[in-house]
Amino acid sequence: METCRFTTSWGGVARCSEPVYRLGFCRFHFDCYRRGEIDIRGVISERVTDQERRREINFHGLPRESAMSSAA
Ligand SMILES: [Zn+2]
């Protein structure tokens, strides 16, 4: 199964594990893309200044442990 191409900036290699919805993104990250929060490569826009929102985008679809260790 193809999975979302979003790669978190927390730790570099962790990728979202959700199934692809559109344009290589899962539903959540496709929605972020449409809102201009991430670009087509899956990089979070500098315009997203809310740290809570950045964290939410970064951690979506990540296995819980890797999200935890990246946050530490
Ligand atoms: Zn995703």
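1. Overall fold. The chain contains three helices and zero strands, where helices (H or I, at least four residues) and strands (E, at least two) are DSSP runs numbered from the N terminus. In sequence order the pattern is α-α-α. The model is a predicted one, in which local features need pLDDT of at least 70 and side-chain atom pairs count only at pLDDT 80 or more, while totals for chains, interfaces and linings use all residues. Residue numbers start from 1 along each chain as its sequence is written.

2. Confidence. The average pLDDT of the chain is 86, and 83% of the residues score at least 70; pLDDT is the predictor's confidence in each residue, from 0 to 100. Helix α1 has the highest confidence in the chain, with a mean of 97, whereas helix α3 (residues 64-71) has the lowest, with a mean of 54.

3. Of the 72 residues in the chain, 22% are buried. A residue is termed buried if 20 or more other C-beta atoms lie within 10 Å of its own, exposed if 12 or fewer, and partly exposed in between, with C-beta atoms placed from the backbone. Among contacts in the chain with a separation of 6 or more, 35% join residues 24 or more positions apart; a contact requires the C-beta atoms of two residues, placed from the backbone, to lie within 7 Å.

4. Helix α1. In helix α1 (residues 27-34), the buried residues are His29, Cys32 and Tyr33. They lie on the same side of α1 because they cover an arc of only 100° around the axis, the arc being that of the directions from the helix axis to the C-beta atoms. An α-helix has 3.6 residues a turn, so residues three or four places apart point the same way. The buried residues of α1 pack against α2 (51-59). Glycine 36, which follows α1, has a positive phi, near 80°.

5. Nonpolar core. The largest nonpolar core has eleven residues in all: Cys4, Phe6, Ala14, Cys16, Phe25, Cys26, Cys32, Tyr33, Ile38, Ile57 and Leu62. Such a core is a set of buried Ala, Val, Leu, Ile, Met, Phe, Trp, Tyr and Cys residues joined through C-beta atoms within 7 Å. Phenylalanine 6, a member of this core, is in contact with Arg15, Cys16, Phe25, His29, Ile38 and Gly42, leaving aside neighbours within four places in sequence.

6. Phenylalanine 25. This residue lies in the segment before α1 and counts as buried because it has 23 C-beta neighbours inside 10 Å. Apart from residues up to four places away in sequence, phenylalanine 25 touches Cys4, Arg5, Phe6, Val20, Phe30 and Tyr33. Its C-alpha atom is 9.7 Å from that of arginine 41, which is 16 residues away in sequence.

7. Isoleucine 57. Helix α2 contributes isoleucine 57 to the largest nonpolar core. Isoleucine 57 is buried, since 24 other C-beta atoms lie within 10 Å. Not counting residues up to four places away in sequence, isoleucine 57 touches Cys32, Glu37, Ile38 and Ile44. Isoleucine 57 and histidine 29 are 28 residues apart along the chain, with 7.4 Å between their C-alpha atoms.

8. Serine 9. Serine 9 is placed in the segment before α1 and is partly exposed, because its C-beta neighbours inside 10 Å number 14. Between the C-alpha atoms of serine 9 and arginine 54 the separation is 9.8 Å, across 45 residues along the chain.

9. Leucine 23. Backbone geometry deserves a remark here: leucine 23 has a positive phi of about 55° although it is not a glycine. Leucine 23 is found in the segment before α1 and is exposed, because 12 other C-beta atoms lie within 10 Å.
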